[in-house]
Amino acid sequence: MTQPPHDEPTASSPEELREQVEQTRTELGETVEALAAKTDVKARAQEKAAEVKEQAAAKAGELKEQAALKAGELKAKAADLAHQAQEKLPDPVKDKAAQAAGQARATAAQAGQLWEEKTPEPIRGKTAQGAQLARDNRKMLLAAAGVVVVVWLACRRKG
């Protein structure tokens with residue numbers, strides 16, 4: 001410890017001297033704690049990591065909000081463009097499309113009715129089972145169809 005300069009008054013009583021010693025101890029303890037904190041690299045690294053993690057989470061939240069807003073804007077713009085395109089279609093084209101859709105529905109209904117009338121019950125049951133099996137295993141059927149197409153294309157190139 002350093003001694004106070006000679007021109008500085010020293011403690012006049014033992015009690016003042018104890019207070020000065022206690023104050024010096026407190027200051028010295030605080031200084032040691034501050035130095036220890038600066039030299040604790042692991043704790044400082046953990047604090048920095050936590051700070052960076054918090055900043056990254058905040059930035060991710062901001063980006064998520066921005067993406068949601070942008071998606072909403074794009075969806076609205078797409079709907080607007082579709083509406084504009086529909087408005088620009090001439091009425092005869094709209095009418096023809098509506099007629100074609102109606103005819104397709106009617107034809108499908110007729111085909112279904114004809115199927116019901118002409119097909120025997122055991123075959124209809126087996127067909128319904130096959131359709132349900134196909135719906136249940138859609139991914140496998142698509143994969144199998146893809147394999148068949150690839151094999152067919154490979155055979156076609158060789159030939």
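## Reasoning through a helical chain

Biologist: Lys 48 has a relative accessible area of 48%. Why is Lys 48 called partly exposed?

Modeller: Happy to explain, and please keep in mind that this is a predicted model. Partly exposed covers the range between buried, under 20%, and exposed, over 50%. The 48% of Lys 48 falls in that range, so Lys 48 counts as partly exposed.

Biologist: Which residue does Lys 48 meet in a salt bridge, and what makes the contact a salt bridge?

Modeller: The partner is Glu 51, with 3.8 Å from N to O. The cut-off asks for a side-chain nitrogen of Lys or Arg within 4 Å of a carboxyl oxygen of Asp or Glu. At 3.8 Å, Lys 48 and Glu 51 meet that cut-off, so the contact is a salt bridge. Side chains of opposite charge can pair when their charged atoms come close.

Biologist: How do you know that Glu 51 and Lys 48 are separated by about one helical turn?

Modeller: Both sit in helix α2, which covers residues 41-88, and they are 3 residues apart there, so about one helical turn separates them. Glu 51 is partly exposed too, at 40% relative accessibility.

Biologist: Why is Glu 121 called exposed?

Modeller: Exposed means over 50%, and Glu 121 has 52% relative accessibility, so Glu 121 passes the cut-off. Glu 121 also forms a salt bridge with Arg 124, where the closest N and O atoms are 3.2 Å apart. The two are 3 residues apart in helix α4 (residues 121-136), so about one helical turn lies between them. Salt bridges that share partners also bring in Glu 116, giving one network of Glu 116, Glu 121 and Arg 124.

Biologist: How many helices and strands does the protein chain have, and how do you know that the chain is more spread out than a compact globule?

Modeller: There are 5 helices and 0 strands, and the pattern along the sequence reads α-α-α-α-α. For 159 residues, the globule rule gives a radius of gyration of 15 Å; the protein chain has 42 Å, well over that, so it is more spread out than a compact globule. The C-alpha atoms fill a box of roughly 120 × 45 × 45 Å along the principal axes.

Biologist: What share of the residues is buried?

Modeller: Buried residues make up 1% of the 159 residues. The protein chain exposes about 14,700 Å², with 61% supplied by carbon and sulfur atoms.

Biologist: Which residue pairs show how sequence separation and distance in space compare?

Modeller: Lys 64 and Val 93 are one example: 29 residues apart in sequence, with 42 Å between their C-alpha atoms. Lys 64 lies in helix α2, and its relative accessible area of 66% is over 50%, so Lys 64 is exposed. Another pair is Ala 82 and Lys 96, 14 residues apart along the chain, with C-alpha atoms separated by 19 Å. Ala 82 is also in helix α2 and is partly exposed, with a relative accessible area of 48%.

Conventions
Residues numbered from 1 in each chain as written. Predicted model: local features only at pLDDT ≥ 70, side-chain atom pairs only at ≥ 80, totals over all residues. Heavy atoms only, no water. Helix = DSSP H or I, 4+ residues; strand = E, 2+ residues; numbered from the N terminus. Rg over C-alpha atoms; globule rule 2.2 N^0.38 Å. Buried < 20%, exposed > 50% of the residue type's maximum accessible area, 1.4 Å probe, protein only. Areas by Shrake-Rupley, 256 points an atom, 1.4 Å probe, with all protein chains shown as cover.
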